Amino acid sequence: MIDHVVLVDAQDVQVGVCDKRAAHLGAGQLHRAFSVHLIDSAGRHLLQRRAAGKMLWPGFWSNACCSHPAPGETVTDAASRRLREELGISASCRFLYSFEYHARFGSIGAEHEFCHVLVAQSDAVVSPAAEEVSEIKWWTRAEISARLSESQAQFTPWFKMEWRHLLSEHPSFDIPTVQE
């Protein structure tokens, strides 16, 4: 587990390094992050419920894997590393797009990230790390969209933003063409 994140400007140019927890306190500091959408050969998407011990959005549903590259680590290398650490699988990731977002979690802290969104495909058996993930489910695109429309649904803010963008701007994202 990394304990530092890469601070960036609005163009994703590194401007420093910061303790991971400190980067998420208060309004948060803009830092580099990634979000992986994992899809199986049947076109289902793996969603995870964040572990109860997470500082921000514990117990909320989100995409398969989200984290931060370590200083000096590429986004794709970090994404593959975190898939192994969080879910126990190996998969190549393909970059889709990047965006900046800022979301507060009450008075506890915030995410202020320049987030790189990636997609990966795998049919491997998933073995979630309990300190990161409390539950996993494979859902179809229609099931996810239906759940997101429920008023009581608890999804992370970045996942909601990514899902809308993926459906409108990347309609073929569920068919990863990862080059080996």
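Contact here means that heavy atoms lie within 4.5 Å. In this predicted model, the protein chain has a mean pLDDT of 92, and 94% of its residues reach 70 or more.

**The annotated residue E86**

- The UniProt record, an unreviewed entry, places the feature "binding site" at E86, and in the model this residue is found in helix α2, which covers residues 75-87.
- E86 counts as buried because its relative accessibility is 2%, where the cut-off for buried is under 20% relative accessible area.
- Not counting residues up to four places away in sequence, E86 touches Q48, A64, C65, C66 and S67, and it also touches S127, P128, A129, E132 and V133.
- With one of these residues, Q48, the side chain of E86 makes a polar contact of 3.1 Å.

**Aromatic pairs**

- A search of the whole structure finds 10 aromatic pairs, and one of them, formed by W57 and W158, is edge-to-face, with 5.5 Å centre to centre and 85° between the planes.
- W57 lies in the loop between β4 (45-50) and β5 (61-63), whereas W158 belongs to helix α4 (residues 157-169), so the pair ties together parts that are 101 residues apart in sequence.
- Both partners are classed as buried on the basis of their accessibility, since W57 has a relative accessibility of 5% and W158 has one of 3%.
- W57 and W158 also belong to a cluster linked by ring pairs, in which the other members are F60, Y97, F99, Y101 and F105.

**The loop residue A70**

- A70 has its place in the loop between β6 (65-67) and α2, and with a relative accessible area of 17% it is buried, given that the cut-off is under 20%.
- Leaving aside neighbours within four places in sequence, A70 is in contact with I2, V6 and R81.
- The C-alpha atoms of A70 and W163 are separated by 25 Å, and these two residues are 93 residues apart along the chain.

Technical notes: Residues are numbered from 1 along each chain as its sequence is written. This is a predicted model: local features need pLDDT of at least 70, side-chain atom pairs count only at pLDDT 80 or more; totals for chains, interfaces and linings use all residues. Side-chain values use heavy atoms; hydrogens and water are left out. UniProt positions are given in the numbering used here, feature names are shortened, and annotations may be inferred rather than shown by experiment. Helices (H or I, at least four residues) and strands (E, at least two) are DSSP runs, numbered from the N terminus. Buried means under 20% relative accessible area, exposed over 50%, partly exposed in between (1.4 Å probe, protein chains only). A polar contact is a pair of N or O atoms within 3.5 Å; within protein, one must be able to donate a hydrogen and the other to accept it, and residues adjacent in sequence count only if both atoms are side-chain atoms. pLDDT is the predictor's confidence in each residue, from 0 to 100. Rings of Phe, Tyr and Trp (its six-membered ring) pair if their centres lie within 6.5 Å; planes under 30 degrees apart count as stacked, over 60 as edge-to-face and the rest as tilted.
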